[in-house]
Amino acid sequence: MKFRCEECQETMEFVSNDTDRASGVMAIRYSCPNCGRRISMVTNPGETQLVSSLGVTIGHETLSEGEAGPMDQIRRSLEGETGWIDDRGLPDPVWTEAAEKRLAAAPAFVQGMVRRLYTDWARRNGYPEVSPAVMSKARDALGMSEM
Amino acid sequence: MESLPPVDVLGQVVAQRAAVARRLASVRHVVAIASGKGGVGKSLLTANLAAALGTEAAKVGVLDADIHGPSAALMLGARGQRPQFGPEGARPAIGVGDVRVMSMDLFLKDDGTAVRWRHYGGLAEDSFVWRGTLEANVLREFLADTEWGELDYLLIDMPPGADRFETLLRLLPELRGAVMITTPSEASMLVVRRASVGAKQAGARLLGLVENMAETAESGRVRELADAVGIPILASVPFDPKLAQSTENGRPGVLINPETPAARAILELADRLRGMLA
């Protein structure tokens, strides 16, 4: 979208993007490079939200939440308490030999899934390694059957 | 008021599409499993088909595009896992058979949490436009922001309704095809016929039709439907309550009881798709 100064037949140039974080009202200012005439395009909170639902940064939405990351739109848009945990930076625990042996006893088609469940649980609960004892604790906490 | 940088909405949307293409460059085949009609067993079939495709050492992912009724994580035993966010994207859940799963279910706190979007600040009567855009964008994020890795097949479990097909095709012009699912009921066949015609008009390549919950012999009416739409019948999967129960417990029936007629039909469907997509 562009704005043209009808008198000068010039494309108006962007001057500033002013936004009110609290209300979601955004005003984008343009001026004619020839005659200096100024206009503002003002969006109400709903219009601002509609455009930002495209997942684009238009001012207050993304900037107010910090740096954009994966699934940013989903995380910003879901209401209430959600189940995801941002555990970026937490290292993956190491699997002990005994834990690997116990995992190997599970049917092959569930081993990947079970490994992921135990690894996630151990990481989030601060265990540096997955041992049979940690597996038992995780199993109790997750309500899993014997594995 | 504070001053912020200029807005380049178009540039950002173009970059989003490029991000989808980059992410899916490591996926050999993307196939949508669709119907148009709810309750035809689409998710159950998707979970079993994913498990069946994985039995030949293929790497398989399932994207649950049913934002308000997600069930892929349940059927692939991937509940309880959460997406993990890293610099390269969100790690998907790992289901049985090592199927990678991304679903809205993984984002919700518990069974009693519904998908609810934050309050829309505009006119209530306009909110459906905002919601539609938002939900299309959720699909884009599932595609682009999930660390799918190298996959042989990515199955997209489509929600009921034909409208999401156009969204998917806009995001994925290289979509290899769609498998349409129907039951032998008149209502299902009517809806699926219209959804199939709509999908074709939108530019989708329909690989074929699967008759789910089939009676013992292939229904003549389903054959008429396939002929009318101009697509082959890929499989007739008989109704099997044990396969359904096992799958709903997170153990796709094709892995637990592969010798049942329903499991065999799904395994043959997987073989047929492998051949069609090779």
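1. In chain B, the side chains of B:Ser43 and B:Ser71 form a polar contact of 3.4 Å. Such a contact is a pair of N or O atoms within 3.5 Å; within protein, one must be able to donate a hydrogen and the other to accept it, and residues adjacent in sequence count only if both atoms are side-chain atoms.

2. The model is predicted: local features need pLDDT of at least 70, side-chain atom pairs pLDDT 80 or more, while totals for chains, interfaces and linings use all residues. Residues are numbered from 1 along each chain as its sequence is written, chains are lettered from A and ligands numbered from 1 in the order written, and side-chain values use heavy atoms, without hydrogens and water.

3. B:Ser43 lies in helix H2 (residues 42-54) of chain B. Helices (H or I, at least four residues) and strands (E, at least two) are DSSP runs, numbered from the N terminus. B:Ser43 is buried because its relative accessibility is 14%. Buried means under 20% relative accessible area, exposed over 50%, partly exposed in between (1.4 Å probe, protein chains only).

4. Leaving out residues up to four places away in sequence, B:Ser43 touches B:Ser71, B:Met75 and B:Asp157. Contact means heavy atoms within 4.5 Å.

5. B:Arg205 sits in the loop between H6 and strand S10 (206-214) of chain B. Its relative accessibility is 39%, so B:Arg205 counts as partly exposed. With residues up to four places away again left out, B:Arg205 touches B:Arg176, B:Gly177, B:Ala178 and B:Met276.

6. How far apart in space are B:Arg205 and B:Gly220? They are 24 Å apart, C-alpha to C-alpha, and 15 residues apart in sequence.
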